[in-house]
Amino acid sequence: MHPTEETAVSTRVIGLISGTSVDGIDAALVEISGTELDLKIELLAGATYPYPAQLREKILAVGAGVAISMAELAEIDDAIAQVFAQAAQNIQLGHQPATLIGSHGQTVYHRPPGGAGEQGSRGAGEQGEQGRREILISNSSLAQRPATANSTPLGYSLQLGRGALIAHLTGITTVSNFRVADIAIGGHGAPLVPRVDAYLLSHPEEGRCIQNIGGIGNVAYIPPRHGDWLSKIRAWDTGPGNSLLDLAVEHLSAGAKTYDENGNWAASGTPCHPLVEQWLNQDYFHLPPPKSTGRELFGVTYLHECLKDAQAYQLNAADLLATLTELTAASIVHSYRTFLPEMPQRVLLCGGGSRNLYLKRRLELLLPSIPVLTTDEIGLSADFKEAIAFAILAYWRHLGIPGNLPTATGAPQEVLLGEIHQSQYSVIRHEQ
Ligand SMILES: Nc1ncnc2c1ncn2[C@@H]1O[C@H](COP(=O)(O)OP(=O)(O)OP(=O)(O)O)[C@@H](O)[C@H]1O
Ligand SMILES: CC(=O)N[C@H]1[C@@H]2OC[C@@H](O2)[C@@H](O)[C@@H]1O[C@H](C)C(=O)O
């Protein structure tokens, strides 16, 4: 090649994640070039591989605080690594192989820094769940809470599906355990996607909110891309995304349904606004960012409290779903109005909740004159953005570029995210 002929050097990377909905492994095969402002990606393939039903049930049980032995934990860890490795193999079918994997793994426990009290609790019920969780953890050395210099307890976040096994099974160098380095220096270890959002979705003149609605919701506010825009980014977990809705749908349909497709069921009801106001009084919604949360708070026990409240208002099933949907929408908008330096000029939705048309409509109503689109509409897959993000975070780790945004996680500085597991050969076959 002539020395003046520039070719963009690109790296083929696989991103893997299963989120708090535990609905399956999102896999993205991505061609990445550039680094930050010149970062470019092409999504070559994206697919979701459902968990085997028994494994999903075990993960949900562990996540809900059911006590298990360390041997069972090890089995689940390996089972998750195996299905993640298989997902990595499957997503490459028909493509040139990837040279790097970024695997988020499966979160089964997330404790923000500062201790449970600062998280805000739903009431006595939530403490009950927390109590069971302590039993599980107290069986291991994880019970100790290391303290930072100012004695604030550090956070703790556990993602299963160990990277070393994924690297061994696929023969592809794998970066995993992305959250621990940020947490070790005092950050929340979440949300991590905002730095990727900044480089993929910022705009020269427009302030944007990138709103993920997964099991949990999180937002990245990205100001117009000039001056010290990067340090002005704000991001946090907004609260429940679909977690309470999914649990309610499963309960109300006696297990026949797992989610409210397109929000149709909720759309046939009417939100109970006094109840939404009451629920919005909960501590978490008033905690200033940086903040993060999970199913530890917005999970089964929380839903049971909501069900009791709904009974007092004699809500039928559709009204209850409309009210829970309204809680998601209202908590998102409430957090923008309370914590953002200014309202965004555009909101870009991603995650499964962006498919919930009723939820999208409610957001539009609560954000008059602010266009609400999905990231698909500006060319970035709303379904696979998180998987793409972990491919990019692995790529940055490989290049020695930090992945966290201190204004998002609350960490005192930028750090390299993820542990690198090298591998030389593959021991599992591609599946047709
Ligand atoms: N067509 C649809 N209509 C309504 N809701 C949908 C639709 N498709 C997906 N969802 C919702 O999106 C959820 C899954 O979203 P997603 O995969 O983004 O979550 P996650 O990545 O597991 O969570 P998190 O981002 O918190 O880690 C489903 O559980 C369901 O509630
Ligand atoms: C501990 C954990 O897995 N947190 C998730 C979860 O799901 C949504 C929200 O809570 C977010 O902060 C985070 O995930 C995304 C991928 C993130 O780190 O940006």
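# Structure briefing

Apart from residues within four places in sequence, Ala87 contacts Leu16, Ile25, Ala27 and Tyr49 (contact: C-beta atoms, placed from the backbone, within 7 Å). The model is predicted: local features need pLDDT of at least 70 and side-chain atom pairs pLDDT 80 or more, while totals for chains, interfaces and linings use all residues. Residues are numbered from 1 along each chain as its sequence is written, with chains lettered from A and ligands numbered from 1 in the order in which they are written.

**Ala87**

- Ala87 sits in helix 2, residues 70-91 (helices are DSSP runs of H or I, at least four residues, and strands runs of E, at least two, numbered from the N terminus).
- Ala87 is classed as buried because it has 26 C-beta neighbours inside 10 Å (buried: 20 or more other C-beta atoms within 10 Å of the residue's own; exposed: 12 or fewer; partly exposed: in between; C-beta atoms placed from the backbone).
- From Ala87 to Val333 the C-alpha distance is 36 Å, and the two are 246 residues apart in sequence.

**Domains and their contact**

- The protein chain is divided into domain 1 (9-189 + 384-427) and domain 2 (195-379), with bounds from an automatic or database domain assignment.
- Taken over C-alpha atoms, the centres of domain 1 and domain 2 are 22 Å apart.
- Domain 1 contributes 34 residues to the contact, and domain 2 contributes 36 residues.
- On the side of domain 1 that touches domain 2, at least two residues each come from strand 4 (100-111), helix 3 (124-138), helix 14 (385-399) and helix 15 (406-409).
- Helix 3 supplies the most to that side of domain 1, five residues.
- By class, the side of domain 1 that touches domain 2 has ten nonpolar, 18 polar and six charged residues (nonpolar: Ala, Val, Leu, Ile, Met, Phe, Trp, Tyr, Cys and Pro; charged: Asp, Glu, Lys and Arg; polar: the others, Gly among them).

**Nonpolar core**

- The largest nonpolar core has 112 residues, of which Ile14, Leu16, Phe84, Ala88, Ala391, Ile392 and Leu393 touch the most other members (core: buried Ala, Val, Leu, Ile, Met, Phe, Trp, Tyr and Cys joined through C-beta atoms within 7 Å).
- This core lies between domain 1 and domain 2, because both give residues to it.
- Ala391 is in contact with Val13, Ile14, Gly15, Ala28, Val30, Ile32 and Gly102, leaving aside neighbours within four places in sequence.

**Ligand 1 and the annotated site**

- Around ligand 1 there are 22 residues, and Gly19, Ser21, Gly214, Gly351 and Gly352 come nearest (near: C-beta atom, placed from the backbone, within 6 Å).
- The shell around ligand 1 holds two nonpolar, 14 polar and six charged residues.
- Ligand 1 lies between domain 1 and domain 2, because both give residues to its shell.
- An unreviewed UniProt entry places the feature "binding site" at Gly19, Thr20, Ser21, Val22, Asp23, Gly24, Ile25 and Asp26; such annotations may be inferred rather than shown by experiment, and the positions follow the numbering used here, with feature names shortened.
- Gly19 is located in the loop between strand 1 (10-18) and strand 2 (25-33).
- With 22 other C-beta atoms within 10 Å, Gly19 is buried.
- Not counting residues up to four places away in sequence, Gly19 touches Gly214, Gly215 and Glu386.
- Asp23 is in the loop between strand 1 and strand 2, and its 19 C-beta neighbours inside 10 Å make it partly exposed.

**Ala164**

- Ala164 belongs to helix 4 (residues 163-170).
- Ala164 counts as partly exposed because it has 14 C-beta neighbours inside 10 Å.
- Ala164 and Ser423 are 259 residues apart along the chain, with 8.3 Å between their C-alpha atoms.

Terms used: Two residues are in contact if their C-beta atoms, placed from the backbone, lie within 7 Å.
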